[in-house]
Amino acid sequence: MLLNRKQSGKRWHLRPDGAPKVTGQLHYLTDMTLPDMIHGRVLRSEYPYARILSIDTSEAEALEGVYAVLTSKDVPGLNRFGIATPDQPVFCEDIVRYVGDAIAAVAADSPELAALALDAIRVEYEELTPLNSTDAALAPGAPELHEHGPGNVLHRTEIKRGDAEQAFATCDHIVTETYYTPRQMHAYMETEGGLFVPDEEGRLNVYAATQHGYKDRMQLARIIGCPEEDIRVVSSPIGGSFGGKDELNVQPYGALLALRCGRPVKMHNSRKESVHAGLKRHPMKIEMQTGMSREGIIQAHRVRITADTGAYATLGAPVLNFCTEHCLGPYAIPHVDVEGVSVYTNNGLSGEFRGFGGNQAIFAMEGQMDRLAEIMNMDPWEFRRRNMREKNDPGPLNQRILVTDGLSQVWEALDRSELWQKHQQPPADPALPPWIKRGVGAAIAMHGAGLGYGIPDPAGGRLSLNNEGKIEVAFSYEEFGQGLIATLEIMLCDLFLCSTSDLSIIIGDTDRVPHSGSSTASRSTTMAWMALQRLQTPFRSRVLTVASEMSGIPADELVTGPGGIWRKGQLPAETSEVESESGFIVSYAELATQGKAAEWIFDTKFDYPTTPDNVVGGHYLYTYAAVAAEVEVNTLTGETKLLDTRHVVAAGPVINPMGFIGQIEGGSVMALGFTLTEDAVMQDSRYVTTNLDTYLIPTIQDIHTNLEVEAIEDLPEGDAFGPRGIGEIGSVALAPAITAAIHQATGVWVNRLPVPREQLVRPLNVPLQEGVSPS
């Protein structure tokens with residue numbers, strides 16, 4: 001099915017949060033205010049690496065209108081946080097490890113007074129030489145940033161299969177290349193912040209952006225030293241996350257200040273503070289050596305991955321696991337030698353980011369495929385097909401995976417696309433000046449969904465008929481722009497043939513929802529769908545049984561529909577004034593009055609799938625994508641423009657066409673920045689780019705209008721996992737497609753992102769056309 005903004009064979013469902021968002025009426029969590037509210041700020045280190053000799057807060061504490069000044073001695077519980085490895089101090093005790101480390105926090109009557117109080121805190125440092133690169137951190141004798149070592153290594157990975165050394169000796173052709181990827185910002189519109197409210201019962205209410213409210217609650221309880229049930233986390237709506245708000249950010253400081261002051265505390269990072277303290281995509285160096293036979297069959301693949309995780313772990317280890325898994329691509333390679341290392345440095349924090357290490361790995365692997373194809377003088381798409389895994393093959397880590405035809409389907413669909421056909425005859429336009437070159441490239445990807453084998457991946461949900469007569473669904477997922485609420489509405493309307501006015505959707509509130517797991521790893525859509533499949537039968541049975549008892553009509557002659565219960569075959573064509581129709585039996589509101597409220601509540605819990613397999617973190621469920629891109633390169637300036645793209649995505653049934661396109665479009669724009677413009681440059685472990693005025697994210701001027709998305713909805717018979725999440729798959733394969741197109745246009749192989757413009761500048765070997773200026 002070809003999806004575009006003009007036509008589709010599916011019903012287009014308007015997002016319930018769409019109008020409030022585009023009109024500016026929606027209140028995000030950082031928009032919240034309360035009477036008697038005060039303002040919190042955090043004092044952060046001005047040095048990337050230093051020893052703290054003393055902290056004097058007396059001046060700040062003496063300021064009128066300042067209600068609290070907190071340091072490490074004021075943390076009642078664990079003075080650490082981190083989803084996987086709690087190694088980041090809430091407040092540094094004796095060492096700061098990056099510009100952005102927290103030293104103290106204040107609460108005051110106004111943001112301005114809070115800033116003044118921060119200036120009044122006196123910190124004496126002994127500056128140390130920062131480890132400003134992974135090479136420096138791994139050098140013999142380098143100071144260890146953490147006691148849990150060894151050295152400055154957070155995590156190591158490896159895949160060893162066959163005998164790569166011997167296989168390379170027999171290869172007819174070998175390509176060796178080193179790829180470099182940037183430190184990318186999430187650049188969400190709503191920076192980190194929230195409102196923290198202690199109530200009269202002694203509980204703390206946290207209104208702050210996260211992708212895992214229950215995990216935040218657990219971490220905050222450890223810091224505060226209280227039972228988890230004493231904390232409520234409300235985590236929707238969010239003005240963008242993309243992984244960057246998955247980890248705690250302002251929550252420890254807002255929580256501690258609110259409890260100390262007994263008043264609501266608002267915190268909201270400035271963009272500069274967000275840049276300094278917030279997470280970024282891991283910059284990586286990926287060394288690859290790939291060998292093949294004279295027939296163009298890959299025999300051996302050697303990879304060395306080095307990731308800069310920054311000062312603290314965050315999710316650096318799982319990101320490296322994911323990168324390691326995906327650096328083999330969707331290819332059958334008998335001899336493999338892969339090693340990865342994630343390294344502590346004094347640079348800015350790196351952590352979870354849309355694509356989760358897949359972007360870096362796929363850029364490198366697809367680059368190898370294009371270089372190998374050129375050596376063979378073979379069409380690069382045909383070269384991929386020759387080396388692709390078969391559908392029944394094990395996964396990249398030799399693990400058991402769910403069998404689908406997705407990989408071959410996306411390959412075939414892109415192969416016959418009009419855009420890819422341009423690659424056979426490179427586009428030329430005689431009207432263009434000679435320094436403008438055009439080319440077309442393509443890339444393919446298989447991308448893991450869910451958290452992977454051996455990692456707790458709980459799911460579940462609640463379906464009920466509430467007291468207001470609404471079909472209510474509750475999940476602990478969050479709405480951070482991905483269109484989850486609209487997708488849930490469509491699922492429920494399809495299941496029960498009801499209208500959206502019959503629904504109540506509760507998400508992102510630990511007091512009101514069951515534990516459904518994290519809103520990460522493209523898992524929410526699949527997990528919600530699986531939960532509703534388990535819940536629909538007992539719920540429908542209950543409502544039809546009670547309706548039968550009330551009406552005297554056998555339950556098997558009744559169906560759910562708009563407004564309530566209907567006779568089979570008599571559902572209305574329209575949902576307005578449904579109760580005036582002759583087939584209408586009883587409303588949901590009337591049903592809700594029958595029996596106890598608890599009798600209308602249905603819960604499910606399940607894990608997907610966490611049975612240990614060959615390796616921890618290897619995935620069972622994958623989505624597949626193929627991308628073609630046409631670019632225009634100005635060889636006088638080195639500027640590259642993306643003219644046209646086509647995405648083919650195999651992710652199961654499309655539930656929400658508008659959301660599907662939105663996710664692919666959004667992922668593509670983020671990937672465009674990753675490829676051409678974005679790099680959070682650091683010098684001596686200090687950010688050079690500290691605001692969005694010097695950090696070049698794509699704007700509307702950079703986004704081409706011709707983007708086509710083809711959705712392949714086929715799933716094998718009996719597939720129990722339904723629609724796959726597509727929040728990441730649109731972002732992972734565009735970079736290698738663009739760099740392949742650049743190569744066709746200019747002959748230049750790009751191995752570093754963002755693409756260095758100076759690498760594409762070429763002397764003009766032809767005279768200027770009359771009246772044409774190179775400017």
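Two strands count as paired if DSSP finds at least two bridges between them, and in this predicted model that criterion applies to strand β12 (residues 193-198) and strand β15 (residues 265-268), which are joined by four bridges and run antiparallel. Within this pairing, Gly193 stands opposite His268 in β15.

- Seven strands make up an open sheet of mixed pairing, and their order is β4-β8-β2-β15-β12-β13-β14.
- The edges are formed by β4 (66-70) and β14 (231-234), each of which pairs on one side only.
- From one strand to the next, the twist averages 20°.

**Helices packed on the sheet**

- Helix α6 (residues 213-224) packs on the sheet through contacts with β13 (204-208) and β14, and its direction makes about 145° with that of β14.
- Helix α7 (residues 251-261) also packs on the sheet, where it touches β2 (38-44), β4, β8 (102-108), β12, β13 and β15, and its direction makes about 130° with that of β4.
- Because eight of the 11 residues of α7 are buried, this helix is largely enclosed by the rest of the structure.
- The buried residues of α7 are Gln251, Pro252, Tyr253, Gly254, Ala255, Leu256, Leu257 and Ala258.
- After α7 comes Gly262, which has a positive phi, near 70°.

**The pair α10 and α18**

- Helix α10 (residues 358-376) packs with helix α18 (residues 734-746) at an angle of about 35°, the two axes lying 8 Å apart, and α10 passes α18 in a right-handed crossing.
- From α10, the residues Ile362, Phe363, Glu366, Asp370 and Glu374 meet Ala735, Pro736, Thr739, Ala740 and His743 of α18.
- Sorted by class, the residues of this contact between α10 and α18 comprise five nonpolar, two polar and three charged ones.

**Nonpolar cores**

- The largest nonpolar core contains 93 residues, and those with the most contacts inside it are Phe383, Ile444 and Ile738.
- When its neighbours within four places in sequence are left aside, Phe383 is in contact with Met292, Gly296, Ile298, Met369, Leu372, Ala373, Met376 and Met378.
- Apart from this core lies another, of 46 residues, which has Ile471, Leu495, Ile565 and Ala592 among them.

How values were computed. Residues are numbered from 1 along each chain as its sequence is written. This is a predicted model: local features need pLDDT of at least 70, side-chain atom pairs count only at pLDDT 80 or more; totals for chains, interfaces and linings use all residues. Side-chain values use heavy atoms; hydrogens and water are left out. Axes are lines fitted to C-alpha atoms, for helices over the stretch in contact, and angles run from 0 to 180 degrees between N-to-C directions. Helices (H or I, at least four residues) and strands (E, at least two) are DSSP runs, numbered from the N terminus. A crossing is left-handed if the near helix is turned anticlockwise from the far one by less than a right angle, and right-handed if clockwise. Contact means heavy atoms within 4.5 Å. Ala, Val, Leu, Ile, Met, Phe, Trp, Tyr, Cys and Pro count as nonpolar, Asp, Glu, Lys and Arg as charged, and the others, Gly among them, as polar. A nonpolar core is a set of buried Ala, Val, Leu, Ile, Met, Phe, Trp, Tyr and Cys residues joined through side-chain atoms within 4.5 Å. Buried means under 20% relative accessible area, exposed over 50%, partly exposed in between (1.4 Å probe, protein chains only).
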